[in-house]
Amino acid sequence: LRGVADKNVNKRPPVPKSCSVEIVALMEDCWNADPDKRPTAAELDIRLKRIDESKVQVDSTGKHLANKKSSVSLHDIFPEHIANALSEGRKIEAEHRDMVTVFFSDVVNYTEISSTMPPQKIADLLDRLYFKMDALSKIYDIFKVETIGDAYMAVTNLVKDQHEDHAKRIAQFSIDVVKAANETYVDTEDESKGVVNLRVGFHSGPVVADVVGQLNPRYCLFGDTVNTASRMESNSTANRIHCSTVSANLLKEQWSELRLQARGIISVKGKGDMETFWVNEGTVGTRGGHRKDKLLVGLEEIDCSERTLDDDLSEVGGGSTRIVESRTPPTAESTSEGKANEAWTTEEQRSNQMQSMMSEKILEESEDEKSAEIIIPYGDQEKFEEEPPAV
């Protein structure tokens with residue numbers, strides 16, 4: 001045991017000669033002296049299921065293992081009770097759920113990527129990405145519904161009772177999925193093509209689940225909740241997580257520490273005007289709020305209590321900083337001007353203020369030495385991110 005625990009000795013048991021190359025590689029990964037480099041239980045589960053049994057030497061129980069393989073595959077595709085019903089030839093009844101959270105994601109610029117890379121590399125890209133997403137879905141106990149091309153669909157509180165934290169699970173999953181995608185190269189042979197960027201969106205509401213089709217049956221979700229969740233994703237932007245008001249309200253209850261940033265009212269195809277939110281952005285526990293001492297750089301939060309406006313503007317010029325949509329809180333002076341001026345400044349005032357700040361690159365600190373802010377009017381953030389103004 002001392003030899004096993006000693007990193008210098010790194011004692012490990014001998015590998016049986018009958019083991020296949022895949023099994024040997026898996027065992028060696030599990031024996032890594034650095035615990036952080038060992039695969040997780042979820043990763044082990046996925047890797048084991050991907051091993052081709054025809055290439056693995058087995059004994060007289062081989063027939064039993066082959067039969068077990070088809071059962072595992074069936075349970076991978078369907079919830080357990082659905083898989084059992086199908087294997088027993090029983091009729092599947094449609095099931096209604098009052099409240100679930102549906103997740104959608106897709107790859108930004110996937111059409112362009114597909115047109116510039118051979119199909120084999122596109123398949124490899126999606127396989128590497130979905131391998132990570134599947135592992136995360138196991139960690140957060142999220143049911144993967146299906147993938148269509150670059151679109152990934154998942155749901156919580158459907159096949160298991162997760163009514164107390166289903167929105168939180170999806171939010172946690174979404175945050176880690178975006179990070180995992182940003183660590184996945186588009187082309188492993190040409191890193192200059194960059195990493196994968198995702199659009200993510202989710203919505204909460206009722207759905208009906210049923211198995212559709214006799215040949216290659218599929219487990220499908222039906223209802224307006226699915227359509228709205230898809231719209232949250234399509235109206236999101238690169239590496240950002242977009243959700244509906246319903247999901248945002250659930251998150252305030254289930255994960256009060258999570259930062260939610262009000263996006264405002266947007267026009268959603270087929271839905272009309274909707275108030276939506278950015279997840280993991282803004283200040284903690286508020287509907288909107290202004291930046292105080294945190295700034296989002298990419299997906300990482302950094303302390304900026306000591307930063308100046310010049311620091312912020314220099315990063316904006318480099319295109320590396322994501323500036324959070326903000327609202328300006330009312331000042332002491334505004335309180336004397338009536339309730340009309342107590343709330344937020346008008347769109348025109350915010351726009352003029354931003355332009356003035358960008359041109360002068362100076363923001364005078366108030367008498368109480370509040371931190372400098374960069375104000376971006378609602379509706380202009382996406383344009384601002386795509387084409388940062390010259391400083």
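Tutor: First a term: contact means heavy atoms within 4.5 Å. In the protein chain, residues 24 or more positions apart account for 63% of the contacts with a separation of 6 or more. This is a predicted model: local features need pLDDT of at least 70, side-chain atom pairs count only at pLDDT 80 or more, and totals for chains, interfaces and linings use all residues. Residues are numbered from 1 along each chain as its sequence is written, and side-chain values use heavy atoms, without hydrogens and water.

Student: What share of the 391 residues counts as buried?

Tutor: 39% of them. Buried means under 20% relative accessible area (1.4 Å probe, protein chains only).

Student: Which residues touch the most other members of the largest nonpolar core?

Tutor: Phe-103 and Val-279, in a core of 41 residues. A nonpolar core is a set of buried Ala, Val, Leu, Ile, Met, Phe, Trp, Tyr and Cys residues joined through side-chain atoms within 4.5 Å. Helix α8 (residues 166-181) gives the largest share, 9 residues. Helices are DSSP runs of H or I, at least four residues, numbered from the N terminus.

Student: What does Phe-103 touch?

Tutor: Leaving out residues up to four places away in sequence, its partners include Met-133, Tyr-152, Ile-170, Phe-173 and Phe-202.

Student: New topic. At what angle do α3 and α7 cross?

Tutor: Roughly 130°, with the axes of α3 (residues 41-50) and α7 (residues 119-139) coming within 8 Å. Axes are lines fitted to C-alpha atoms over the stretch in contact, and angles run from 0 to 180 degrees between N-to-C directions.

Methods:
Buried means under 20% relative accessible area, exposed over 50%, partly exposed in between (1.4 Å probe, protein chains only). Helices (H or I, at least four residues) and strands (E, at least two) are DSSP runs, numbered from the N terminus.
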